[in-house]
Structure formats: structure tokens, C-alpha cells
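Please open the model in your viewer and keep the selection panel at hand.

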Amino acid sequence: TTNGATIKNVGITSGRVEENIIYAAYTGTLVGHCLDSHPTTITNCYSKAYLTGATKDAGGLVGKLHGTLSYSFYNGIIRGESILGGLVGSSYSNNKSATIDHCHMAGTKIRHSGDASQCGALIGLLHDGSLVYRSYSLDATTVLVGTNNGNITECNFHTEEEFENGTVCWLLNDCSEKNPVWYQTLG
């Protein structure tokens, strides 16, 4: 649980995260719950850990987000019931909004046993006032956002070839060589 935290430059290369049985929601491999009192900022982070046994509000990186998730990615397996997202399970609404920008989800598999309408490759449930911007997914077996009440801008599915040939890296860098954040070795 975070409350106004700043998390940056953190990478989880392997492992397994299971839902806390006592606290039956808000599960992520990096952060479970960003409290709504003060926004959390997460930048330049990634996880390849598996997430299993989640009931709801579960995401590859964050279970429930209030704040910003940027320049980050998830690549793993998520197993749960509903409100599941490759990056974020769900966002807060209105003045407790979330922003997800310049992120991607590659090679991730989302397996749900509940309501499929609240499962998305990027986020399971996007509330009013929240934004997903210039974020991409390799998994085209599910929608980008399960339930969308927010704003999605410049987000798409891309093929494995587009991830490998630098297309997605170029898009994540705002189609510019100036001040790149994302780097990729081709070939």
C-alpha cells in the first residue's frame, strides 16, 4: 500500500505474488493499493513476476491506482476472478484519478474466472477522470480496457513483429529521436 509515494527505476525479474487472503482485493506485483489520500507516482518500472489467486482489482504492476504510472511495462501471467488488467486492475474516479502513459504490456497472459467485461490488456476498470495515453499491448485476445468510463488516447494492439522491429519503441518515444526514454537493440 502506498500513500503519496514516488517509486522509480524498479525492476522485478521473477517471482510470484499471491493475493492477501485477509485483504481480498488490490493485488499487484509492484503495488497492491495506491491510497486515494495522496497520489502515487510510478516511473520507469517493470515486473515479470506472476500474479495468482487475485479476487478483484488486480494488475500486472498495480492493483488499484491513484496517481501516475508512466514509462513502465509488465510481462507475466495474471490469474484472477475479475477487474484484471495487464498493467493496472482499476483506477479511482473523479478527483482521485489515474494516468497511465507511455507503458506497454508484452507477452502477458490474463486468465479470469469471473466477469470478462472488466478484464483488459492494459487496465480492467477505468473510471471517470482517468486517462490511458500512448500505451500498447501485444495481447490481442482481450480488449485494451475492460470497462471504460475514462479517456483512452493513442493506445493500440501491436503484433510481435512490431514489438521486435522497433515500431512500438518508436511510438513510446513519441515518434522522435530527441530525448528517448525507451531503447531497443534490433537484430
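Start with the second largest pocket, whose lining has six nonpolar, four polar and one charged residues by class (Ala, Val, Leu, Ile, Met, Phe, Trp, Tyr, Cys and Pro count as nonpolar, Asp, Glu, Lys and Arg as charged, and the others, Gly among them, as polar). This is a predicted model, in which local features need pLDDT of at least 70 and side-chain atom pairs count only at pLDDT 80 or more, while totals for chains, interfaces and linings use all residues. Residues are numbered from 1 along each chain as its sequence is written, and side-chain values use heavy atoms, with hydrogens and water left out.

To display that lining, select G166, C169, W170, N173, S176, E177, P180, W182, Y183, Q184 and L186; the volume of the second largest pocket is about 150 Å³. A pocket here is an open set of points on a 1 Å grid over the protein atoms alone, where a 1.4 Å probe fits, with protein on both sides within 12 Å along at least five of seven lines, and lining residues have an atom within 4 Å of a point.

Next, select H104, F163, E164, V168, C169, L172, W182, Y183 and Q184, which line the largest pocket, with about 180 Å³ of space.

Finally, centre on V168 in helix α2, which is buried at a relative accessible area of 2% (buried means under 20%, with a 1.4 Å probe and protein chains only). Leaving aside residues up to four places away in sequence, V168 touches Y136, H158, E162 and F163, contact meaning heavy atoms within 4.5 Å.

Terms used. Grid points are joined across faces, edges and corners, and a volume is the space filled by probe spheres set on the points. Helices (H or I, at least four residues) and strands (E, at least two) are DSSP runs, numbered from the N terminus. Buried means under 20% relative accessible area, exposed over 50%, partly exposed in between (1.4 Å probe, protein chains only).
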